[in-house]
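The paragraphs below go through one protein model, element by element. Please keep the sequence and the coordinates open while reading.

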Amino acid sequence: MEDRKFKNQLTVRPETKEEYAAIRQLIQEAFDPMPFSAGKEWQLVEAIRTSDGYIPGLALVAELDGKIIGHIMVSEVAIDGKNSMIPALILSPVSVLPQFQRKGIGQVLCRKAVEEASKTDYPVMIVIGDPNYYSRFGFQPAVPQGVYLPFGFEEEYLQLIPLRDGVLEKVSGAIQFPPWFFDARGELL
Ligand SMILES: CC(C)(COP(=O)(O)OP(=O)(O)OC[C@H]1O[C@@H](n2cnc3c(N)ncnc32)[C@H](O)[C@@H]1OP(=O)(O)O)[C@@H](O)C(=O)NCCC(=O)NCCS
C-alpha cells in the first residue's frame, strides 16, 4: 500500500543538462555494490550523451520530491543485417539509488522507456541483462530471433523487444556497438 502511494508521487521525464552531475553520482551509487560492475556505467552514459546515438527523449529520470532517484538511458546501436545496417535501440544502463531499490522504481522507468521507444521508428530495443527482470516488460530472447553479439556472451542475457507488429522477421544479424560504447582500451563500457 505504501509502495503504491509512493509511486504516485513519482515523476518520470527526460533528463536535463542541469542534472548531469546528480545523475553521474546516482549511477555510481547504484552500480558500486554490484559485483559485475567495473564502475564505468556513468562513463557510458556521458559518452552516449555527446554521440550521434543520443536520443534526448529516451534518457529519463525518476524524480521524487525534487530528488533524482533513478535514471535510464536508451540510445542507438545498429544490427548488421545481411544487406544493410538496421538502426535499433539499446536500453543501457538503468540505475536506482540503493535506498530506493526494490520499490518498483526500476519497473516504472523500464515501462516508460518501452512506451517512449514504441513511439519511434526503430523496430526493436535490445537489452543485455537478467531475463528474470526484463521479461516482464516484454523482452524476449534475441538469439532465437537471429540477433546476436559479435563476441562471446551468455546467450540468455541478450534480449529484445519488438516495437511494432511484424518487425521481427525483418531484423536479424550481429549487434554493432558504436565506438562510444568502448573505453580507450577497447573494452565495452
Ligand atoms: C536493477 C535495478 C535498476 C532495478 O530497479 P529496482 O527499482 O530496484 O527494481 P524494482 O523494484 O522495479 O523491481 C524489483 C524486482 O526486480 C528484481 N531485481 C532487482 N534488481 C535485480 C537485478 N540486478 N537482477 C535481477 N532482478 C533484479 C527484484 O528481485 C524484484 O523482483 P520481483 O518483483 O520478482 O520480486 C536496481 O536494482 C539497480 O539500480 N541496481 C543496480 C544497477 C543495476 O544492476 N542495473 C541493471 C543492470 S544495467
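In which strand does Ser95 lie? Ser95 lies in strand E4. The model is a predicted one, in which local features need pLDDT of at least 70 and side-chain atom pairs count only at pLDDT 80 or more, while totals for chains, interfaces and linings use all residues. Residues are numbered from 1 along each chain as its sequence is written, and side-chain values use heavy atoms, with hydrogens and water left out. Helices (H or I, at least four residues) and strands (E, at least two) are DSSP runs numbered from the N terminus.

Ser95 counts as buried because its relative accessibility is 1%; buried means under 20% relative accessible area, exposed over 50% and partly exposed in between, with a 1.4 Å probe and protein chains only. Not counting residues up to four places away in sequence, Ser95 touches Leu26, Ile27, Ala30, Phe31, Ile69, Gly70, His71 and Leu109, where contact means heavy atoms within 4.5 Å. Strand E4 also holds Pro93. A cis peptide bond, with omega of about -5°, joins Ser92 to Pro93. Most residues other than glycine have a negative phi, and most peptide bonds are trans.

The loop between E4 and H4 contains Leu97 and Arg102. Leu97 is buried because its relative accessible area is 3%. Leaving aside neighbours within four places in sequence, Leu97 is in contact with Leu26, Glu29, Lys67, Ile68 and Ile69. Leu97 and Ile27 are 70 residues apart in sequence, and their C-alpha atoms are 7.6 Å apart in space. Arg102, in contrast, is exposed, because its relative accessible area is 86%. Phi of Arg102 is near 65°, a positive value in a residue other than glycine.

A positive phi, of about 50°, is also found at Asp65, which is not a glycine. Asp65 has its place in the loop between E2 and strand E3 (67–80), and it is exposed because its relative accessible area is 67%. Glu63 is in strand E2 (residues 54–64). With 19% relative accessibility, Glu63 counts as buried. The side chains of Glu63 and Arg13 are joined by a polar contact of 2.9 Å. A polar contact is a pair of N or O atoms within 3.5 Å; within protein, one must be able to donate a hydrogen and the other to accept it, and residues adjacent in sequence count only if both atoms are side-chain atoms. Apart from residues up to four places away in sequence, Glu63 touches Gln9, Leu10, Thr11, Arg13 and Ile68.

The next topic is the pairing of two helices. Two packed helices are described by the angle between their axes and the distance between the axes. For H2 and H3 the angle is about 145° and the axes are 8 Å apart; axes are lines fitted to C-alpha atoms, for helices over the stretch in contact, and angles run from 0 to 180 degrees between N-to-C directions. From H2, Tyr20, Ile23, Arg24, Ile27, Gln28 and Phe31 meet Glu41, Trp42, Val45, Glu46 and Arg49 of H3. The residues of this contact divide into six nonpolar, one polar and four charged. Here Ala, Val, Leu, Ile, Met, Phe, Trp, Tyr, Cys and Pro count as nonpolar, Asp, Glu, Lys and Arg as charged, and the others, Gly among them, as polar.

H3 is largely enclosed by the rest of the structure, because seven of its nine residues are buried. These are Glu41, Trp42, Leu44, Val45, Ala47, Ile48 and Arg49, and what covers them includes H2, E2, E3 and E4. Ala38 has its place in the loop between H2 and H3. Ala38 is exposed, because its relative accessible area is 62%. Ala38 and Gly53 are 15 residues apart in sequence and 23 Å apart in space, C-alpha to C-alpha.

The last topic is the largest pocket. Its lining has 42 residues, of which Phe31, Phe36, Ile128, Gly129 and Tyr134 lie nearest the centre. The elements that give two or more residues to this lining are helix H2 (20–31), helix H3 (41–49), strand E4 (85–96), helix H4 (105–117), strand E5 (124–128) and helix H5 (131–134). E4 gives the most, with seven residues. On a 1 Å grid over the protein atoms alone, a pocket is an open set of points where a 1.4 Å probe fits, with protein on both sides within 12 Å along at least five of seven lines, and lining residues have an atom within 4 Å of a point. The residues of the lining divide into 25 nonpolar, ten polar and seven charged.
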